[in-house]
Structures are given as structure tokens and as C-alpha cells.
Amino acid sequence: MRSGAATHSLRYFVTAVSDPEPGLPAYVSVGYLNDNPFVECDSDSGLYQPRAQWIKDNVDADYWERGTNRGITKQQVYKGNIRILMERYNQTGGFHTLQHKSGCEIREDGSIGGFRQFAYDGDDFLSFDMNTYTWVAAVKEAEITQRRWNEDTADLQYRKQYTEKECIEWLTKYRQYGKEALQEREPAAVEVSSKATPDRLTSLSCRVYGFYPRDIAVTWMKNGKMREQETQRGDILPSGDGTYQIQATLEIDPKEGGRYSCLVDHNSLPEPLNVFWEPKSNVIPIVAGVIGALVAAIVTAVVGIIIWRKIGSGKKGADYSPPGVGSY
């Protein structure tokens, strides 16, 4: 983790909903560079806008104008596709979501990869197989779309070219634009706490938050020895401010005694941080640096990190975005 090598990714998350409400637009699209948002477009503002200073500093006004026009078109496509899917699922009303994740990555070993997936109401619906370059239906309701899109051989070839060349080119360019920002480090903050369980055990919790970059190692220890197998870790989740958070727990029998601590290893720390649990104190906050705001951005979460529970190309030019979505 401390070697400096890392996987770099360019990803776009789109979420469309059938029943928008205040704070939840009908359409939201967010672009991420290495898990950090840098562009966004939503139906409430109607605009394609920067989420990071580095992209604003490196593109002109036409970039945002073209992105806005493209977003208006996509909003109508997604709106129509939700109606189609509601008919396929025999749904006459209710709240429904259509989500799309696409992008590419350059891995630590230099190899490249890509992804393009759809989900409906939080479940996998359709995905693009990067080995065969064909669409694969996850459910029977997606088979109509699968057949239709697989018959378009020109589009299939374009998906291949987009993944292997165009997306990688833009990932490289965006990395150069945001080079200084990507080198930033936000040190982790750690809180250890405990609570009794119904079976008279004690559940130890280690909450680590406010850190960047994403990769981190968190392990509970007893008397200086790692309890790797017993440590239960949650997912690494975005905090909504460009940093991340994770929680690790360990169940212990208080009658056994012992000295417990949470070991955190992260690139922002000069050395691993070992935070001890004190039985007489329920919460021990250890702050390793300046902590940013932890209020989660609702729109960002909806866009694909939280709701989409199962899944953790335009023309060349300065306004690159992933290929558009066709009718289902």
C-alpha cells in the first residue's frame, strides 16, 4: 500500500428516478477520477458543472456548454427507459430507479480494464462483458434489450474501442489535469467504542473516517497480536466530502481480559496508528489530522455508491463523457 503504485480509474455514475422530489432530481450524473467527483449534471440545475477546481482550470466554456446539451438529451432518454422498464415489470406506479455505471481503469501492473453496467431498483439488470464485448442480461426483463443491442455490431465495436483506447486516453489526460490534487493526502481519524451484546459479549467498534486516498488497512489486535480472521470489516464508503470511512468490529468475551487495540495503516500516516480500547471509556477519539465535514452528500450517494448495492463515448474532444444510453 505504501509503494506508490495504485489503480487509477475514470468512472461515471448516472441515476434516474421515476418520482423525483426536493433534493432528489429526476436525473443525476457524476464523473469520478480515482473515486473523487470532478463533474456533475442534474435535472434540477440543468447544467453540467465542475466538482473539482482542477477540471475548471483546464477546460473552456464550450466544455460546459456541450456537457449541458448532452445532459438534456440523456435526461429524456433515461426518463423514457424508466417508463419502458416499469411496463416490463408490470409496475403502474411507485418509486423506481435506473442506474448506470461506466468507465475504465489502469491497474497497478499497467493492464487496463473497463466496465459498463445497469441496475434497476438496486438490482443488476444488464452489463457489458469486456471479454466477449457483448451485452449480458442479469434478469429475464433485460433479455429484450440484450438481443437488440447485441445485434448492433457497429455499436459493439465502438464499446471495444471506447474501453481500450478513448477512455484510457481521457483517464490519462484527466490524471495530468488533476495531478496535484491526486497527490494530496488526508490523514485518518479513529474512534474506538464498545457495547454489550445480548449474549453477554462485548462488541468493539473501530470507526476510521476522513481519510484519502481510499486504500486502507484496519485490524483489531489483542495483546499486540493481530486478530485478522475475527475482525469484521464493512465496506469503504465515501463520506461525501471527497474522503472515505470504514468500520471494523470485533466481538470479545470480557471475562477473558486482554489489551485490545485497533491498528490503522494508511498512506497519509507516517507510521501505522495503534489506538487502544479502554474498557472504562465508551468512546476514544484519536484525530490524526484535520478532519473534513462528514455530512454525506445525498445526491452523490444516490448516484451509485449506496443505492446500487450489488455493484461495488462520445466524440473525441475536451468534453469527453462515456457513450450515451440507447432506448431499451
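Predicted model: local features only at pLDDT ≥ 70, side-chain atom pairs only at ≥ 80, totals over all residues.
Biologist: Which loop holds threonine 197?
Modeller: Residues are numbered from 1 along each chain as its sequence is written, and side-chain values use heavy atoms, with hydrogens and water left out. Helices (H or I, at least four residues) and strands (E, at least two) are DSSP runs, numbered from the N terminus. Threonine 197 sits in the loop between strand E9 (189-196) and strand E10 (202-211).

Biologist: Is threonine 197 buried or exposed?
Modeller: Let's check the cut-offs: buried means under 20% relative accessible area, exposed over 50%, and partly exposed in between, with a 1.4 Å probe and protein chains only. Threonine 197 has 13% relative accessibility, so it counts as buried.

Biologist: Which side chain makes a polar contact with that of threonine 197?
Modeller: A polar contact is a pair of N or O atoms within 3.5 Å; within protein, one must be able to donate a hydrogen and the other to accept it, and residues adjacent in sequence count only if both atoms are side-chain atoms. For threonine 197 the distance is 2.3 Å, and the partner is aspartate 199.

Biologist: Leaving aside neighbours within four places in sequence, what is threonine 197 in contact with?
Modeller: Contact means heavy atoms within 4.5 Å. With those neighbours set aside, the residues that touch threonine 197 are Thr202, Ser203 and Glu251.

Biologist: Let's zoom out. What are the edge strands of the open sheet of eight strands?
Modeller: Two strands pair if DSSP finds at least two bridges between them. This open sheet runs in the order E4-E3-E2-E1-E5-E6-E7-E8, with antiparallel pairing. Pairing on one side only is what marks an edge, and that applies to strand E4 (48-50) and strand E8 (134-137).

Biologist: How many bridges join E1 to E5?
Modeller: E1 covers residues 8-17 and has seven bridges to strand E2 (residues 27-33), running antiparallel; there, leucine 10 stands opposite leucine 33. With E5, threonine 15 stands opposite glutamine 99. E1 and E5 also run antiparallel, and the number of bridges joining them is 10.

Biologist: About what angle does the direction of helix H2 make with that of E4?
Modeller: Axes are lines fitted to C-alpha atoms, for helices over the stretch in contact, and angles run from 0 to 180 degrees between N-to-C directions. Helix H2 (residues 61-88) packs on the sheet and touches several strands, including E1, E2 and strand E5 (97-106). Its direction and that of E4 make about 120 degrees.

Biologist: Which strands does helix H3 touch?
Modeller: Helix H3 (residues 143-150) packs on the sheet too, and its direction makes about 175 degrees with that of E8. The strands it touches are E6, E7 and E8.

Biologist: Which residue in the hairpin of E5 and E6 takes a positive phi?
Modeller: E5 is mostly covered, with nine of its 10 residues buried. E5 and E6 pair in the antiparallel sense over nine bridges, and glycine 103 stands opposite phenylalanine 115 in E6. The hairpin has five residues between the strands, and the residue with a positive phi near 95 degrees is glycine 110.

Biologist: How far is methionine 130 from arginine 116 in space?
Modeller: Methionine 130 lies in the loop between E7 and E8. Beyond four places in sequence, it is in contact with Gly114, Phe115 and Thr163. Arginine 116 is 14 residues away in sequence, while the C-alpha to C-alpha distance is 8.7 Å.

Biologist: On to the open sheet of four strands: in E17, which residue is the bridge partner of leucine 263?
Modeller: The order here is E12-E11-E16-E17, with antiparallel pairing. Strand E16 (residues 260-265) has five of its six residues buried, and it pairs with E17 over four bridges. Serine 261 has phenylalanine 276 as its partner in E17, and leucine 263 has asparagine 274.
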